[in-house]
Amino acid sequence: MCILSLMRLCFSSIVASVVQKLLLNFVRRPQIPSNGSHPVFSDDGGPGVLQRVGSAAANFVLLPYYTFNYFVSASAEGTTSQLADNSLLVLLILIYYRKCISMNESIPTDGVYMSDSNTNVKDAPAFHENPYCKALNNAKDIQFDHADVEGNAQNGPVVSLSFASLFDALGTCLKDESSVLLLYSLVHGNCDFQEYVLVRTDLDTLLMPILEMLYNASRKTSNQIYMLLIILLILSQDSTFNASVHKLVLPSVPWYQERLMHQTSLGSLMVVVLIRTIKYNLSKLRDVYLHTNCLAILANMGPHAHKLSAYASQRLVSLFDMLSRKYAKLAELKNDKALKVTPDQMEADIISDDTSTELHIYTDFLRIVLEIINAILTYALPRNPEVVYAVLHRQEVFQPFKNHPRFNELLENIYTVLDFFNSRMDMQQLDGEWSVDKVLELINKNCRSWRGEGMKMFTQLRFTYEQESHPEEFFIPYAWRLILSRG
């Protein structure tokens with residue numbers, strides 16, 4: 001074996017050992033030794049792995065090494081979780097660190113560092129590939145062999161640990177923002193871990209802390225809200241996930257204060273919390289990106305809805321009503337601006353352009369909500385009588401948009417459903433007035449005979465998450481802000 005190959009193998013082994021030990025610290029939550037001695041990541045009495053790093057990798061590793069020493073030695077009296085917390089912070093710095101390639105620096109070709117092939121050095125900064133990030137992305141479940149499905153051996157040392165233990169540790173620590181960033185890193189970058197999460201039957205272990213944090217969005221940073229929504233968006237790209245969350249029934253949701261929620265599905269709770277997040281964003285943050293992510297998750301879930309609760313169904317129709325009222329105000333404002341003649345015509349044009357842009361955004365939002373409702377009624381109506389009831393109960397909110405060129409096709413399907421169930425109600429000989437129970441009884445009865453005749457089939461919306469072309473511009477400062485927030 002040539003010296004260069006040996007160096008690469010040695011470096012890969014060190015990187016894998018560092019990432020594995022930091023993850024194990026996070027999972028096992030060991031106590032810091034009382035004597036204050038910290039042999040960096042060595043369990044066998046030998047020198048710590050970072051101390052064995054040669055000059056070939058030193059320029060990449062020394063920054064995190066000193067960072068680790070700083071964090072661990074900064075507090076002498078540690079709790080049982082302090083080493084775990086510090087290990088997580090160091091891991092985040094390691095996996096999001098990017099060494100920039102200067103204009104006059106030749107890109108190394110020894111296989112240890114690689115440049116991004118899509119980066120034009122003349123136009124934008126180029127960055128070395130991060131071996132720690134690569135090691136985390138290639139981490140494997142200890143319960144499985146290091147050989148892949150075809151039986152081919154892994155190329156070099158691999159981080160191996162129990163995904164079950166990592167899953168449980170994340171579930172207990174997600175109220176910490178750094179744990180949220182680690183979960184994002186795993187579900188986005190590590191396909192094996194993402195698949196492991198998707199086949200778990202206890203998805204509430206991860207989702208309940210996420211939904212509780214979104215419920216308390218006013219106490220969270222915008223970055224934390226983004227990370228939580230992106231995690232949900234990545235998971236909602238999988239149809240199995242969307243089906244599973246609707247079948248997992250929660251006995252209660254103690255942190256939800258507006259009303260008692262007993263025996264509600266995890267999927268229904270997701271719908272309620274996401275809509276609540278949209279309403280909070282509409283009144284406070286007014287962030288288009290946040291709106292889009294929430295609606296994208298709901299759209300991915302729509303065709304797989306199963307026994308959506310009455311409350312979730314009402315919230316969905318109310319969301320359309322709320323956005324439609326905002327749309328109507330913007331349309332009225334735009335018309336008023338167009339009719340007014342002001343001395344400063346340039347300023348009036350700018351205001352008019354802003355209103356037009358916002359009106360266009362709300363048109364898109366309304367269409368997505370209509371597509372969500374349409375997907376439920378088209379693909380899952382027999383399983384969702386409460387959605388039918390909510391649409392019947394608030395059918396007047398759809399009337400103003402019946403002839404709107406952007407919405408009329410989608411509303412045709414909704415009105416096909418309305419006409420079907422309204423006609424069944426008209427045919428019903430009833431003594432006395434209609435009650436909620438009587439309407440639901442009729443809906444349930446006719447859901448069984450529903451055949452979807454006259455419904456137009458549209459392509460299902462499917463939103464996917466794609467990381468920005470230069471994610472380091474967001475993640476490096478974000479990781480360091482988490483570090484500095486710890487004092």
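The model is predicted, with local features requiring pLDDT of at least 70 and side-chain atom pairs counted only at pLDDT 80 or more, while totals for chains, interfaces and linings use all residues. Residue numbers run from 1 along each chain as its sequence is written, and side-chain values rest on heavy atoms, with hydrogens and water left out.

With a salt bridge taken as a side-chain nitrogen of Lys or Arg within 4 Å of a carboxyl oxygen of Asp or Glu, the count comes to 14. One of them joins lysine 175 and glutamate 212 (3.8 Å, N to O). Lysine 175 lies in the loop between α5 (163-173) and α6 (177-189) and glutamate 212 in helix α8 (residues 204-215), so this pair ties together parts that are 37 residues apart in sequence. Helices here are DSSP runs of H or I, at least four residues, numbered from the N terminus. Lysine 175 counts as exposed, at 58% relative accessibility; exposed means over 50% relative accessible area, buried under 20% and partly exposed in between (1.4 Å probe, protein chains only).

Helix α14 (residues 345-379) contributes glutamate 358, whose side chain meets that of arginine 286 at 3.0 Å, N to O. Both partners are partly exposed, glutamate 358 at 22% and arginine 286 at 48%. Aspartate 364, also in helix α14, is 42 residues from arginine 406, in the loop between α15 (385-393) and α16 (408-427); their salt bridge spans 3.1 Å, N to O.

Finally, Asp321, Arg325, Arg394 and Glu396 are linked in a network of salt bridges.

Conventions:
Helices (H or I, at least four residues) and strands (E, at least two) are DSSP runs, numbered from the N terminus.
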